[in-house]
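User: I'd like to learn how to read cavities and nonpolar cores in a protein model. Could you walk me through them?

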Amino acid sequence: MMTRRKKLKGQALVEFALVLPLIIFLLLSFFDVGIHFFLRLSMDKAVHGALCEASKVGPSGFTKKALYENIRQHAMGVKLTEDAVKVSKKPGQRPGWSKVRVEVRFKKPTVTGMYVTRFNDLQQLVIHERYLPREVVGE
């Protein structure tokens, strides 16, 4: 005949076994959200830094290849392809200024697969728009 204490130990073990997968999933989800924000901020900073450096270089810095190389050097933890970067230049509203728009698409690694269906198959988009003098942009 089993004692009451042994029955309670078995009950606690069963409850722990039922709750453990939920706890692990929640921990991994926190890591996933952390990775998401880290990569998003890293890419945002990389695009901003690339635009700042390109504005110092002059018109040669605003080619797609130059911006791609600059973004790739500053982006931490993200593998980019050259077609992931799109650069467009438009005349600004004020005379002598141009509007430069840089779009970067990148894939985000995931731990739990939680974002696959919600965020367009892990595609992330960073967009920066900046008004710069036309002589800097080369228009």
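Analyst: Here we look at a cavity and then at a nonpolar core. This is a predicted model, in which local features need pLDDT of at least 70, side-chain atom pairs count only at pLDDT 80 or more, and totals for chains, interfaces and linings use all residues. Residues are numbered from 1 along each chain as its sequence is written, and side-chain values use heavy atoms, with hydrogens and water left out.

User: How many cavities of 30 Å³ or more does the search find?

Analyst: Rolling a probe the size of a water molecule over the atoms shows where empty space is left. A cavity is a set of points, on a 1 Å grid over the protein atoms alone, where a 1.4 Å probe fits but cannot get out; lining residues have an atom within 4 Å of a point. The points are joined across faces, edges and corners, and the volume is the space filled by probe spheres set on them. Here the search finds one cavity of 30 Å³ or more.

User: Which residues line the largest cavity?

Analyst: Its lining consists of Ser88, Lys89, Lys90, Lys99, Arg101 and Glu129. β1 gives the largest share, three residues.

User: Which residues touch the most other members of the largest nonpolar core?

Analyst: In soluble globular proteins, nonpolar side chains tend to be buried together. A nonpolar core is a set of buried (under 20% relative accessible area, 1.4 Å probe, protein chains only) Ala, Val, Leu, Ile, Met, Phe, Trp, Tyr and Cys residues joined through side-chain atoms within 4.5 Å. Among the 24 residues of the largest core, those are Met43, Ile71, Leu80, Val102 and Val104. Its largest share, seven residues, comes from α1.

Methods: 1 Å grid on protein atoms, 1.4 Å probe; cavity = no way out; pocket = protein on both sides within 12 Å on 5 of 7 lines; lining within 4 Å. Helix = DSSP H or I, 4+ residues; strand = E, 2+ residues; numbered from the N terminus. Buried < 20%, exposed > 50% of the residue type's maximum accessible area, 1.4 Å probe, protein only.
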